[in-house]
Amino acid sequence: MKEQGLDGRHRDKDGEISRKHGNALIGTLRKIYGKSFAAGYPDTAKLSEVLSQLNETSLSQLRRDHGTGHLEHKITQASK
């Protein structure tokens with residue numbers, strides 16, 4: 001089992017999301033998950049810059065889609 005962070009998140013999952021999708025802009029992710037995704041951060045911020053600060057709702061959405069293999073496709077479609 002991987003070591004958990006202080007808030008119970010598994011570090012390897014967050015790290016994998018950041019490595020694969022860290023360049024995704026928060027503005028792009030808001031097109032997928034809604035305007036409240038990563039509240040308080042500008043549209044121009046990168047996911048890698050804010051990933052460790054995300055609230056549980058935003059992080060859960062990312063983990064779900066990453067786990068099912070849909071995140072990359074959704075980011076590609078929203079970037080068009």
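H2 is mostly covered, with 6 of its 8 residues buried. The model is predicted. H3, H4 and H5 are among the elements that cover the buried residues of H2.

**Burial and the end of the helix**
- The buried residues of H2 are Ile26, Gly27, Thr28, Leu29, Arg30 and Tyr33.
- Gly34 follows H2 and has a positive phi, near 105°.

**Packing of H2 with H5**
- The axes of H2 (residues 26–33) and H5 (residues 71–79) come within 9 Å and cross at roughly 105°.
- H2 is therefore roughly perpendicular to H5, since angles of 65 to 115 degrees count as such.
- On the H2 side, the residues that meet H5 are Thr28, Leu29, Lys31, Ile32 and Tyr33.
- On the H5 side, the residues that meet H2 are Leu71, Lys74, Ile75, Ala78 and Ser79.
- By type, the residues of this H2–H5 contact comprise 6 nonpolar, 2 polar and 2 charged.

**Nonpolar core**
- The largest nonpolar core has 16 residues.
- Those with the most contacts inside this core are Ile26, Leu29, Phe37, Leu47, Leu51, Leu54 and Leu62.
- Two or more core residues come from each of H2, H3 (47–50), H4 (56–68) and H5.
- H2 gives the most to this core, with 3 residues.

**Leu29**
- Leu29 is buried, meets H5, and is listed among the core residues with the most contacts.
- Leaving aside neighbours within four places in sequence, Leu29 contacts Ala24, Gly34, Phe37, Leu47, Leu62 and Ile75.

Definitions and conventions. Residues are numbered from 1 along each chain as its sequence is written. This is a predicted model: local features need pLDDT of at least 70, side-chain atom pairs count only at pLDDT 80 or more; totals for chains, interfaces and linings use all residues. Side-chain values use heavy atoms; hydrogens and water are left out. Axes are lines fitted to C-alpha atoms, for helices over the stretch in contact, and angles run from 0 to 180 degrees between N-to-C directions. Helices (H or I, at least four residues) and strands (E, at least two) are DSSP runs, numbered from the N terminus. Angles under 35 degrees count as roughly parallel, over 145 as roughly antiparallel, 65 to 115 as roughly perpendicular and the rest as oblique. Contact means heavy atoms within 4.5 Å. Ala, Val, Leu, Ile, Met, Phe, Trp, Tyr, Cys and Pro count as nonpolar, Asp, Glu, Lys and Arg as charged, and the others, Gly among them, as polar. A nonpolar core is a set of buried Ala, Val, Leu, Ile, Met, Phe, Trp, Tyr and Cys residues joined through side-chain atoms within 4.5 Å. Buried means under 20% relative accessible area, exposed over 50%, partly exposed in between (1.4 Å probe, protein chains only).
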